[in-house]
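Here are some friendly questions and answers about the model you are about to see. Each answer sets a value beside the rule that gives it its name.

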Amino acid sequence: LRLVTQRKQNETRLEHLANYDELTGHYNKQRLREALDYSLAYSLRYGSPGAFLAVGVDQLGRINTAYGSEAGDGVLLEISRRLDQCLRTTDVIGRLGSDRFGVVLAFCTPEDAAMIGERIAQAIRQTPITVGGNRLHMTASIGLVHFPDQSRASFDVIVKAEGALSKAKQAGRDCVQPYEMSEQQ
């Protein structure tokens, strides 16, 4: 007989990491894309509107430089908790990258999606985040894409939401920017 407990624990951990972000516990980028694919397919089949938000934490690099990466991780954890509190139980949250989260809003009209984006921005800005004895005033920029009108593929939705997020950061940060096609497009 051999003891396989350690091997089983490692397999379970690897399976968890294949689907979830290690820091926040939310979906990772691949799993978030799968949830978005499912919502898009449902939306196309039944004609129900939806939206995708790319939520970027403003100035996280400065926090990492000034206070260390542990403080940056603490900020990300607190923001992920605030996202959980702001959103409906049917909404899906995932981590898109180092300072970005993605949110799939199924069964959500464009007006409601904009309102939810504003609610998220308000929840992040209204209360300072305390990390390591420091009170940090954080903000978030948010890019918003509606589906299926503005896109019908998950890769395209994410790219457009991140483009809108970049425009929100260029517009002064701490705002919600809906996706709009440029004249070149």
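Q: Why is the contact between the side chains of R7 and E11 called a salt bridge?
A: A salt bridge is a side-chain nitrogen of Lys or Arg within 4 Å of a carboxyl oxygen of Asp or Glu. For R7 and E11 the N to O distance is 3.4 Å, so the pair meets the rule. This is a predicted model, where local features need pLDDT of at least 70, side-chain atom pairs count only at pLDDT 80 or more, and totals for chains, interfaces and linings use all residues. Residues are numbered from 1 along each chain as its sequence is written, and side-chain values use heavy atoms, with hydrogens and water left out.

Q: What makes R7 partly exposed?
A: Buried means under 20% relative accessible area, exposed over 50%, and partly exposed in between (1.4 Å probe, protein chains only). R7 has 45%, so R7 is partly exposed. E11, with 38%, is partly exposed too.

Q: Is D58 buried or exposed, and why?
A: The relative accessible area of D58 is 2%, so D58 is buried.

Q: Why does D91 count as buried?
A: Its relative accessibility is 9%, so D91 falls under the limit for buried. D91 also meets R88 in a salt bridge of 2.6 Å, N to O.
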